[in-house]
Amino acid sequence: MNDEMKKKINDKYEASIQNAERFWPDSIYKDLLVAFGLFILLIGLATFLGVHPEPKVDPTDATYVPRPEWYFLFLFEFLKYFPGQLEWVGAAVIPGILVGLLIFLPLYDKNPLRHNSKRKVALGIMSAIVSAIVILTLMASTIMTNMIAFILFLLLAGVLFFSLYKNPEKEIAWKKPALWVASFAFLALTGVTYQQTLAMAEPTEEVHVASSVPEKMSLGQDLYSIECVECHGPDGEGGEITVTAADGTEEKLPVKSISSNDEMYTRSDESFYEIISYGQPSLGMPPFGGAHGGELSPSELEYIVTFMRYTWDDRADVPEGAVTSAVPVLAEGEVPSYEVHVEPVVKRQCLSCHREGKENNNYLMEDYAGILNNGDNAPNVVAGDMDSILLQTIQGHEVEGVNGTIHVMPPNGKPIKDAYIDIFIRWVEAGMPETAEDASALAE
Amino acid sequence: MMKNIYAWLDERLGFDDMYKMLLDRPEPHGNWWNTLGSASLFLFIMQGVTGIFLTVYYAPTPDHAYDSIQYIMNDVAFGWLIRGMHHWGASLMVFVVFIHMLRTFFSASYKYPRELTWMVGSVLFLLTLGMGFTGYLLPFNQRAYWATVVATNIGGVVPGIGPFILRALRGGTDVSALTLSRFFSAHIWMLPAALAGLIGLHLYLIMRHGESAYPDQDD
Ligand code: HEM
């Protein structure tokens with residue numbers, strides 16, 4: 001740029017600031033207003049949307065699909081077009097060139113003219129790049145980011161139209177075409193957003209992440225019931241397990257209590273975590289941690305440990321609101337229902353064996369219908385029949401079934417608590433109501 | 001009394017000059033788009049303030065990072081608010097800085113004599129992205145961990161220097177305690193220091209050249 005041009009620009013600028021505005025007090029209010037608006041927006045976002053909880057790191061879980069922050073999504077998507085050997089072109093060469101072009105823009109854009117009608121090439125290229133970034137971002141985004149993007153478009157389009165109409169210079173040659181282009185771009189983006197949202201409509205699996213101790217305890221309790229009860233008993237009291245050795249011989253092994261004070265006082269949370277993760281293969285306990293071939297994540301292991309500690313350790317301060325025993329006590333004359341009484345007992349005492357993939361005469365007890373109708377010897381419960389197979393077995397009687405003896409239930413260790421047996425008996429007696437309403441209707 | 005203190009300070013600091021330089025600047029007529037630079041600055045300051053509060057409880061080790069964040073969210077008074085604002089502030093800042101950049105592009109403000117303002121600005125944009133990248137790992141949850149594994153892997157595919165980039169980013173072959181402490185230090189010391197310094201330069205240049213006027217037909 002020659003000195004003459006520079007002088008022209010500087011003079012024009014000098015003229016434009018004569019009698020124009022002062023930062024203070026003319027325009028600073030706008031800056032303050034925008035800052036204040038952003039501040040409120042931040043508080044609103046933090047309060048109403050919060051931060052999405054995520055589970056603890058599990059380096060063994062290679063199935064986890066990582067997602068970068070939304071503003072890197074376009075790169076992520078862009079890289080998909082450069083598979084294998086070419087990846088570095090998409091990862092390093094092209095972004096590197098673009099970054100260089102961005103930084104040094106004023107050095108190679110030698111066009112001294114500033115009005116938009118005189119820099120069509122520059123505007124065209126920039127618009128193309130920005131559109132590409134926006135479209136790549138949408139292609140890679142989830143419903144949530146799509147929604148946010150959509151709202152932002154609306155806002156942005158609004159602001160754009162507004163500022164085009166309100167522009168200080170009234171007659172702008174490119175105003176009409178600009179409005180047309182903006183409208184078309186907006187429609188196209190809306191279309192892409194809509195189509196992307198539809199494409200992703202199938203719900204993705206949500207992992208529940210516990211944050212408070214009561215929540216962790218209850219998740220831990222569920223996991224314990226399913227994974228551990230068959231060997232350690234519902235209260236960690238232990239018992240006996242049968243292990244089949246490599247040569248097919250069966251051997252009965254005692255399992256000591258894991259809920260005794262002895263155990264609770266001598267083992268730290270870390271050591272419980274390690275034992276459960278690692279298992280005790282030599283003693284008959286399989287590993288549960290993903291790192292050692294099991295299927296529990298670090299968060300899940302932590303929930304189990306929290307459950308054990310707060311339930312069995314008499315020194316633990318159980319936080320208010322924590323449910324230590326989820327089985328409600330049955331009052332005199334009350335009729336138990338599946339929902340309120342039977343389900344929690346089954347979950348804690350029976351489900352660890354009576355679920356898919358275990359030996360149980362196909363008696364899957366996962367839901368109400370299953371308890372009534374499943375099993376090789378179904379029905380195992382018959383309304384009003386005090387000789388129902390289920391009632392017999394939990395009261396210590398073996399039953400001859402179609403394919404051999406049905407043992408006492410639960411087969412190892414102690415029988416379940418008398419209060420629980422009572423729940424089953426009174427439930428069958430009353431006709432096995434499913435919901436609390438059904439039960440109270442029967443009680444009348 | 002107050003007057004005396006004011007006079008004493010003014011004599012040494014020069015409030016008048018400051019007022020002229022910082023506030024009483026003449027500007028061409030602008031519009032709301034001109035607020036985005038100061039909005040970026042505001043968000044940078046907010047990130048600094050909330051970030052400093054977070055470091056009170058945050059522990060940058062793989063064993064404690066996750067739990068310390070849980071603690072901030074559940075047990076520290078208003079911890080959830082501070083973390084929420086820092087979390088959303090990061091996204092918002094990237095967005096606002098980006099729009100600010102587009103505004104200066106479309107109003108052709110980067111041309112003579114404001115070339116350097118733009119160049120410093122684009123480095124600021126890259127640094128802002130860097131803050132987002134390094135901050136993402138700090139909660140050390142599944143998402144953070146795997147996103148960082150993938151992102152640093154990408155650095156590793158560059159022929160020749162790839163393995164070096166990978167090791168420099170991770171501090172070893174895997175994403176580990178060393179990666180976390182590297183990212184932490186970059187996130188709270190190196191990048192903010194660079195940002196603060198360059199923002200100072202950026203603002204100096206703006207005061208020196210004044211805000212650009214919106215171009216008209218003859219420009
Ligand atoms: C941390 C990020 C940034 C901060 C805090 C910041 C701050 C500011 C402020 C306060 C202004 C004056 C008000 C205004 O015109 O909006 C400004 C102007 C400017 N900024 Fe930035 N900025 C940042 C990033 C950028 C980026 C990424 C670019 C472009 C690559 C950029 C280029 C410019 C230019 C060219 C001006 C002069 C505008 C004019 O004179 O009309 N800035 N910036």
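Two bridges join strand 1 of chain A to strand 1 (residues 26-27) of chain B, and the two strands run antiparallel. Two strands pair if DSSP finds at least two bridges between them. Helices (H or I, at least four residues) and strands (E, at least two) are DSSP runs, numbered from the N terminus. Within this pairing, A:R22 stands opposite B:P26 in strand 1 of chain B.

This is a predicted model: local features need pLDDT of at least 70, side-chain atom pairs count only at pLDDT 80 or more, and totals for chains, interfaces and linings use all residues. Residues are numbered from 1 along each chain as its sequence is written, chains are lettered from A and ligands numbered from 1 in the order in which they are written, and side-chain values use heavy atoms, with hydrogens and water left out.

## The interface of chain A and chain B

Chain A gives 85 residues to the contact and chain B gives 83. Contact means heavy atoms within 4.5 Å. The two chains bury about 8,100 Å² between them, 67% of it on carbon and sulfur atoms. In chain A, the residues that lose the most area to chain B are A:L42, A:V51 and A:R114, together 10% of what that side buries. Buried area is the accessible area (1.4 Å probe) that two parts lose on being put together, summed over both.

Across this interface there are 21 residue pairs in polar contact, both residues at pLDDT 80 or more. A polar contact is a pair of N or O atoms within 3.5 Å; within protein, one must be able to donate a hydrogen and the other to accept it, and residues adjacent in sequence count only if both atoms are side-chain atoms.

Which elements give two or more residues to the side of chain A that touches chain B? They are helix 1 (3-17), strand 1 (21-22), helix 2, helix 3, helix 4 (87-103), helix 5, helix 6 and helix 7 (143-165) of chain A. Helix 2 of chain A gives the most, with 18 residues. The residues of this side divide into 54 nonpolar, 12 polar and 19 charged. Here Ala, Val, Leu, Ile, Met, Phe, Trp, Tyr, Cys and Pro count as nonpolar, Asp, Glu, Lys and Arg as charged, and the others, Gly among them, as polar.

## Salt bridges

Side chains of opposite charge can pair when their charged atoms come close. A salt bridge is a side-chain nitrogen of Lys or Arg within 4 Å of a carboxyl oxygen of Asp or Glu. Three salt bridges lie across the interface of chain A and chain B.

| Residue | Partner | N to O distance |
|---|---|---|
| B:D67 | A:K56 | 3.7 Å |
| B:K111 | A:D109 | 3.6 Å |
| A:E230 | A:K358 | 2.7 Å |

B:D67 forms a salt bridge with A:K56. This pair crosses between chains, from helix 4 (residues 65-74) of chain B to the loop between helix 2 (23-49) and helix 3 (73-79) of chain A. Buried means under 20% relative accessible area, exposed over 50%, partly exposed in between (1.4 Å probe, protein chains only). B:D67 counts as partly exposed because its relative accessibility is 31%. A:K56 is buried, at 19%. A network of salt bridges links A:K56, A:K216, A:E302 and B:D67.

The side chains of B:K111 and A:D109 also meet in a salt bridge. B:K111 sits in the loop between helix 5 (79-106) and helix 6 (115-137) of chain B, and A:D109 in the loop between helix 5 (105-108) and helix 6 (120-140) of chain A. Both residues are buried.

Within chain A, A:E230 and A:K358 meet in a salt bridge. This pair links distant parts of the chain, 128 residues apart: A:E230 is in helix 10 (residues 229-232), A:K358 in the loop between helix 14 (338-349) and helix 15 (368-373). A:E230 is partly exposed, with a relative accessible area of 22%. A:K358 is partly exposed too, at 31%.

## Two single residues

B:S107 lies in the loop between helix 5 and helix 6 of chain B. Is B:S107 buried or exposed? At 5% relative accessibility, B:S107 counts as buried. Its side chain makes a polar contact of 2.6 Å with that of B:S109. Beyond its neighbours within four places in sequence, B:S107 is in contact with A:R114, B:Y214 and B:P215.

A:P254 belongs to strand 3 (residues 250-255) of chain A. At 68% relative accessibility, A:P254 counts as exposed. Not counting residues up to four places away in sequence, A:P254 touches A:G239 and A:E240. A:P254 and A:G239 are 15 residues apart in sequence and 5.9 Å apart in space, C-alpha to C-alpha.
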